[in-house]
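Colleague: Could you walk me through how helix packing and pockets are read from a model? I'd like the general idea each time, then the case at hand.

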Amino acid sequence: VRVNFSVILKENGAIDGLIAVLHDVTEQEQIDEERREFVANVSHELRTPLTTMKSYLEALSDGAVEDENLRDKFLGVTQNETERMIRLVNDLLQLSKLDAEDPNFNKETTNYISFLKDIIDRFEMSKKQHIHFELKLPRGPIYTYLDRDKMTQVIDNIISNAIKYSPDGGRITFKVVKKGNHLVTGIRDQGVGIPKENLTKIFDRFFRVDKARSRNLGGTGLGLAIAKEIVAAHGGEIWADSEWNKGTAIFFTLPLSKGGSYDA
Ligand code: ADP
C-alpha cells in the first residue's frame, strides 16, 4: 500500500487538516513498474555500446584512420561492441519468446549423461584458457525429457560463466546425482565467487555483480535469467552457492523420466 499525504492550510498558514490517500499497489502496477524498469535497462544497455562506437568512429574519421595501430584497435573495439549488441538483441528476443503464453518447446526423451558429455567435450575442444574439467557423472544412461537446444543453451551459459570468471589453471567440476525423482546437475568453479547477498539476484534480468567486468568479458547480463526460464519450463529449479574469492557452484534440477519407460 502506498500512502500520499496532503496538508490543508488555512489562509493564515495554520494547518487546517490532513488528507491521506491510500493506494493499493496492485499486481498490475507492479508488473507495469517492472516493465518500465526493463525498458529502461534495455535502453541503457544498448546506449552504452552505441555511444562507445560513436566516439571511436568519430576518432577514426577525425584522422585516427591514418595510423595503422590506432585504426586496427578502434575497428576492433567497434566490432566487439557490435557483436555484443547482437548477442544482447538475440538474448532479448529469446526472453520475449520464453515470456510468451505458449513458448515453443520441443522436448524429447534424451540420455542426459551423453547429452551433457557432448556439451562438455565441445567446450574442452574450444577453450582457450588453461582450465581443467573434472567429471563426476553416473556411468549408465539416465533419461530425461527435454528440449535439447534450450537445455544446451542453459548449460552453455553456465559453463561460459564458469570459464569467464575462473583463474588460469582453475578447475571446473561437473557433477550429476539422482535425488528422488530429480536429477541434480552441479557445475562448480574456482573463480571470483559471488557475494552471499547476490546469490539469488544473479538470476534477475540485467543483474551483474560487477557491471564493468561483465561488459568487458562480453556479457549481456541475461544468460542466467534465460537459464532460469528454461529450467522452470522443464519443471526444474536453478540456484547458486558461492564463496567470495573461492568459487561458485550453479545447480539445477530436471525431473527424471518415470519408471524407465523411456529406456528403450
Ligand atoms: P553475464 O552476461 O554478465 O555473465 P549472467 O546472467 O550470465 O550475465 O550472469 C549474471 C552475473 O552473475 C554475472 O555478471 C556475474 O556477476 C555473476 N556470475 C555468474 N556466474 C558466475 C560465476 N561462475 N562466477 C562468478 N560470478 C558469476
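Colleague: At what angle do α1 and α2 pack?

Modeller: Axes are lines fitted to C-alpha atoms, for helices over the stretch in contact, and angles run from 0 to 180 degrees between N-to-C directions. Here α1 and α2 pack at about 160°, their axes 9 Å apart. That makes α1 roughly antiparallel to α2 (over 145 degrees; under 35 is roughly parallel, 65 to 115 roughly perpendicular, the rest oblique). Helices are DSSP runs of H or I with at least four residues, numbered from the N terminus. This is a predicted model, where local features need pLDDT of at least 70, side-chain atom pairs count only at pLDDT 80 or more, and totals for chains, interfaces and linings use all residues. Residues are numbered from 1 along each chain as its sequence is written, and side-chain values use heavy atoms, without hydrogens and water.

Colleague: Which way do α1 and α2 cross, left-handed or right-handed?

Modeller: A crossing is left-handed if the near helix is turned anticlockwise from the far one by less than a right angle, and right-handed if clockwise. α1 passes α2 in a left-handed crossing. The contact (heavy atoms within 4.5 Å) includes Phe 38, Val 42 and Leu 46 of α1 and Phe 74, Leu 88 and Leu 92 of α2. Its residues divide into 17 nonpolar, three polar and four charged (Ala, Val, Leu, Ile, Met, Phe, Trp, Tyr, Cys and Pro are nonpolar, Asp, Glu, Lys and Arg charged, the others, Gly among them, polar).

Colleague: And how do α3 and α4 cross?

Modeller: The axes of α3 (residues 112-126) and α4 (residues 148-164) come within 11 Å and cross at roughly 45°. That makes α3 oblique to α4, and the crossing is right-handed. Among the residues that meet are Phe 115 and Ile 119 in α3, and Ile 155 and Ile 159 in α4.

Colleague: What about α4 and α6?

Modeller: They pack at about 145° with axes 9 Å apart, and their crossing is left-handed.

Colleague: How much space lies in the second largest pocket?

Modeller: A pocket is an open set of points on a 1 Å grid over the protein atoms alone, where a 1.4 Å probe fits, with protein on both sides within 12 Å along at least five of seven lines; lining residues have an atom within 4 Å of a point. This one holds about 500 Å³, the volume being the space filled by probe spheres set on the points. Of its 17 lining residues, those closest to its centre are Glu 34, Arg 35, Phe 38, Asp 99 and Arg 205. α1 gives the most to the lining, with six residues.

Technical notes:
Helix = DSSP H or I, 4+ residues; strand = E, 2+ residues; numbered from the N terminus.
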